[in-house]
Amino acid sequence: MSVAVGLIGAGVMGKEHGRILSLHTPKAHLAGVCDYDPEKARSIAGNARVYSDPLDLINSGDIDAILIASPDSTHAELVLACVEAGKPVLCEKPLAMTAVQAHEIVEAECLKNRIFVQVGYMRRFDPGYEELKRLFEANAIGKPEILHNFHRNPVAPDWMTGDMLITNAFVHEIDVMRWLMGTELEAVRITVAEKGDPMMIVTRLANGAMSSTELFMNCKFGYQVHAELVGEEGTISLPEFSAPLVNKSYHRGAHVPRNWVPRFAAAYQAQTRSWINSIVTGVPNHGASAWDGYITTLIAEQLATKVSIDSTIELAIPSRPLLYR
């Protein structure tokens, strides 16, 4: 069986997903592409059909599953359409622009009593993060005490302003903390530089551990994501980004990626393969569910309104529905 995937969005991430589906996902093929710019869609479609309306793609009998990589503001409506059509969907983060919209998706799945949605928090499929979680669950360093996160970008894009350090960047750390530690966030304290960047976030977790996160969206030197877990008996760190060490003209150095695509290339490929494998076999994978996407958006929303308040923010986290337990 080859799963016929319809891709919505042909921008930076859409192109990468199209490439992964064509080259690195043997149990699936790209069957349709839709973008507001038909030329962009055609540029990655190959032999796949180009659709002008994303709802036509979702409801097409020639499409088995949908991958959404369109602008963030379109996600909620398109994911709901996929759930209504009864088709599996992998949606780039965020699941929705607001927690209310995300919860509507959760409610739609609960009404059908079936999970259709996976949210693209790809770090869950990064080999380093997977090994970090395996060692954590094996109690390799004893009781967890602190999770240190570093999230650095060379230059913030023009559209990343104000609270988007929380709603667009820190959401990855929110998901990592919940998944890696198997717990919920209880309280957060945010300290921001006068110019708005960098930002330090200290989190208290429900399992008694703490987390520190450095967000620096204009670090200049390149893209870097790193994590270190501190336990009672030792520490576990992610490996550094693998790049050749070059010696030349009295200098020694290694390449640092410009953005997240090369850093998480393996994670994106593994995420797509796992999603497709779950469709084929019916066996769930460890990707983020609609509930995970909702909780991440809900927490980010609660924090974004209080970024300028240098005090502890107590979080309100609802109970998990039975479908997602």
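1. Let's begin with Asn113, which is exposed, with a relative accessible area of 59%. The label "exposed" applies because its cut-off is over 50%. Please keep in mind as you read on that this is a predicted model.

2. The backbone at Asn113 deserves a look too: phi is positive here, about 55°, although Asn113 is not a glycine. You will find Asn113 in the loop between α5 and β6 (117-119). As background, most residues other than glycine have a negative phi, and most peptide bonds are trans.

3. Where else does a positive phi turn up in a residue that is not a glycine? Lys220 has one, of about 80°. Lys220 belongs to the loop between β10 (210-216) and β11 (224-231). Its relative accessible area is 62%, so Lys220 counts as exposed.

4. Now for the peptide bonds. Lys93 and Pro94 are joined by a cis peptide bond, with omega about 0°. On the chain, Pro94 sits in the loop between β5 (89-91) and α5 (99-112).

5. Which residue does a cis peptide bond join to Pro198? That partner is Asp197, and omega is about 10°. Look for Pro198 in the loop between β8 (185-192) and β9 (199-205).

Key: Residues numbered from 1 in each chain as written. Predicted model: local features only at pLDDT ≥ 70, side-chain atom pairs only at ≥ 80, totals over all residues. Heavy atoms only, no water. Helix = DSSP H or I, 4+ residues; strand = E, 2+ residues; numbered from the N terminus. Buried < 20%, exposed > 50% of the residue type's maximum accessible area, 1.4 Å probe, protein only.
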